[in-house]
Amino acid sequence: MDQGNTLDRRDAVKTILADRGSILTVSSLGGPSYDVAAINVDFEQDFPLGGAMGQAVMTALGLALAQPERRVVAFVGDGEMLMSLGALATVGAEKPQNLAVVVIDNEHYAETGMQRTHTGRGVDIAGIATACGFGEVHTVRTQAELEKAAPRVRTGPGPVLISLKVTTEIGPLFARNRDGVWQKGQFRKALLGSP
Amino acid sequence: MAAENQQSAKQWPTTIYNLLKQGGVRQVAYVPDSGHKQLIQHCTDDPDIRTVSLTTEQDGIGMAAGAWLGGVKSTLLMQSSGVGNCINALSLIENCRFPFLTFVTMRGDFGESNNWQIPMGQAVEPVLSAMGMICLRVEREEDMEETVAAALRMAFLGSQSIAVLLSQRLVGAKIFK
């Protein structure tokens, strides 16, 4: 089970979202939505998905194109990203300047019993993003690399992709609002003034 | 097998385009289909509409949700075979009550001679209905304006998930020789 990764996912996401300002996030089902919510639960600038696996990056792309003045960051698991590699091709072709994708890559399906994903078997998501034409791509394995990459997620000319190699620790679960209609409404009210 | 595309320039794609414009739609995602050729071209030629070519139809579901979160109305253009690719992704639309509007050019429908298209074509309405979508079918050109206007109101004012199914009778069946 130990694949040699040392970064803690919750700490790493917290480092990336430090001083986040007006950054909007979309996060994929399972761990990534908890990682973002652990910083500020039910926050109005976050849109966490609880299903629809594979749609987080595309939701972030639709948002980024609709709001070109706002930074949009998608936090997704490696399983989610592997399910929607075509989305990387579309983002690479569209080249939204204001979009970053953070793959929280523990090389396992943590939700379903820690089966290995392809990223633990040699498949390189950062390499795929580079080949798709992302402007800036980093694989982050150490705290020093994380501290260098975090500001690039927040402000580097997009599309940016960070593959965050983390341990298989998932972090504590906690109560949060899972009502999708409410999440949509509070996000739009904060961003646009009306739900 | 040679397929002859029976489409010459038609009025209905322009009717849809004009109504989308009037309705304030500014993002159009698509997986190409020959039946959508004219409408895709109209949208691509319009500097006020952002068109996005997708690698799979389901990616248009996330895009539509994201666009709405950002205050932008959008639509998804696809062929009926792409409907099957969208099913689980439609959880996002249904669970969050996102307004959603898609235009589906039908295959496996009236006059189809490619039997590979029949299973998905015939399943379009039941599977979309099962995911909470309302299907509005257009068989004749003269019904297009009224139907598209209704679809726009139901989607973006009524927060419904609407599929406008463009019948093969309207689009014209591909003739295989």
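Q: What share of the contacts in chain B with a separation of 6 or more comes from residues 24 or more positions apart?
A: In this predicted model, residues 24 or more positions apart make up 77% of those contacts in chain B.

Q: What radius of gyration would a compact globule of 177 residues have, and what does chain B have?
A: The globule would come near 16 Å, and chain B has 15 Å, so the value for chain B agrees with that of a compact globule. Along the principal axes, the C-alpha atoms of chain B fill a box of roughly 45 × 35 × 30 Å.

Q: How much of chain B counts as buried?
A: The share is 47% of the 177 residues; to count, a residue needs 20 or more other C-beta atoms within 10 Å of its own.

Q: Why is α1(B) called roughly parallel to α7(B)?
A: Helix α1 (residues 12-22) of chain B packs on helix α7 (residues 144-157) of chain B at an angle of about 30°, with the axes 10 Å apart. Angles under 35 degrees count as roughly parallel, so α1(B) is roughly parallel to α7(B). The crossing is right-handed.

Q: Which residues of α1(B) and α7(B) meet?
A: From α1(B) come B:Trp12, B:Thr15, B:Ile16 and B:Leu19; from α7(B) come B:Met144, B:Glu145, B:Val148, B:Ala149 and B:Leu152. By class, this contact has seven nonpolar, one polar and one charged residues.

Q: How many residues of chain B are in contact with chain A, and which element gives the most?
A: 28 residues of chain B are in contact with 29 of chain A. α3(B) gives the most to that side of chain B, with nine residues.

Definitions and conventions
Residues are numbered from 1 along each chain as its sequence is written. Chains are lettered from A and ligands numbered from 1 in the order in which they are written. This is a predicted model: local features need pLDDT of at least 70, side-chain atom pairs count only at pLDDT 80 or more; totals for chains, interfaces and linings use all residues. Axes are lines fitted to C-alpha atoms, for helices over the stretch in contact, and angles run from 0 to 180 degrees between N-to-C directions. Helices (H or I, at least four residues) and strands (E, at least two) are DSSP runs, numbered from the N terminus. Angles under 35 degrees count as roughly parallel, over 145 as roughly antiparallel, 65 to 115 as roughly perpendicular and the rest as oblique. A crossing is left-handed if the near helix is turned anticlockwise from the far one by less than a right angle, and right-handed if clockwise. Two residues are in contact if their C-beta atoms, placed from the backbone, lie within 7 Å. Ala, Val, Leu, Ile, Met, Phe, Trp, Tyr, Cys and Pro count as nonpolar, Asp, Glu, Lys and Arg as charged, and the others, Gly among them, as polar. The radius of gyration is taken over C-alpha atoms; the globule rule is 2.2 Å times the number of residues to the power 0.38. A residue is buried if 20 or more other C-beta atoms lie within 10 Å of its own, exposed if 12 or fewer, and partly exposed in between; C-beta atoms are placed from the backbone.
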